[in-house]
Amino acid sequence: MTWNVTPERYDTPESTALRRDYYDEVASRYWGRPATTREIDEGLTDDGVERLLPPTGEFVVGRYEGKAAACAGLRVVDPDTAELTRVYVRPAFRGSGGGGLLLAAIETAARELGVKRIRLDTRNDLVEARALYARHGYVEVPAFNQGPYAEHWFAKSL
């Protein structure tokens with residue numbers, strides 16, 4: 001079985017569905033209950049996704065055997081730094097190597113944009129995500145923001 005990860009606009013039907021699934025999962029885990037359609041819609045409204053296109057970023061979609069299964073975004077912060085965001089692998093495809101391939105594709109995109117460092121923040125309950133980042137060379141760093149959902153901060157030099 002094979003993965004293919006490529007840049008894609010954030011607003012294609014498959015990208016949009018992946019972003020909705022991502023927000024549904026992170027919101028539902030945070031609230032301890034299923035997120036409603038309205039809450040998902042509100043969470044995706046004005047979320048800055050338009051910056052996930054060159055030259056201010058990138059959005060990638062991972063396909064497993066041709067099926068849209070994963071996504072990740074990159075947002076340039078300054079000439080040397082970008083933030084990793086919206087990393088998501090649908091549950092049916094977890095454990096098959098897609099997360100690492102998403103990170104590799106994002107790191108390639110970052111280098112092409114001239115970025116020298118990628119950083120991210122995440123939450124305590126996203127244990128799998130934190131383990132993924134650590135496995136791929138991201139190290140915990142001091143807080144670089146005070147976002148309401150930021151509890152762990154990571155960075156990786158490229």
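Predicted model: local features only at pLDDT ≥ 70, side-chain atom pairs only at ≥ 80, totals over all residues.
Local features need pLDDT of at least 70 and side-chain atom pairs 80 or more, while totals for chains, interfaces and linings use all residues. Residues are numbered from 1 along each chain as its sequence is written, and side-chain values use heavy atoms, with hydrogens and water left out.

Visitor: Which element gives the largest share of the lining of the largest pocket?
Guide: A pocket here is an open set of points on a 1 Å grid over the protein atoms alone, where a 1.4 Å probe fits, with protein on both sides within 12 Å along at least five of seven lines; lining residues have an atom within 4 Å of a point. Of the 44 lining residues, Tyr22, Val26, Arg86, Val87 and Leu126 are the closest to the centre. The largest share, nine residues, comes from α1.

Visitor: Which residues does Tyr22 touch, not counting residues up to four places away in sequence?
Guide: Tyr22 has its place in helix α1 (helices are DSSP runs of H or I, at least four residues). With contact meaning heavy atoms within 4.5 Å, Tyr22 touches Arg86, Val87 and Tyr88.

Visitor: Which residues form one aromatic cluster?
Guide: Rings of Phe, Tyr and Trp (its six-membered ring) pair if their centres lie within 6.5 Å, and the structure holds seven such aromatic pairs. One aromatic cluster is formed by Trp3, Tyr64 and Phe93.

Key. Phe/Tyr/Trp six-rings, centres within 6.5 Å; stacked < 30°, edge-to-face > 60°. Helix = DSSP H or I, 4+ residues; strand = E, 2+ residues; numbered from the N terminus.
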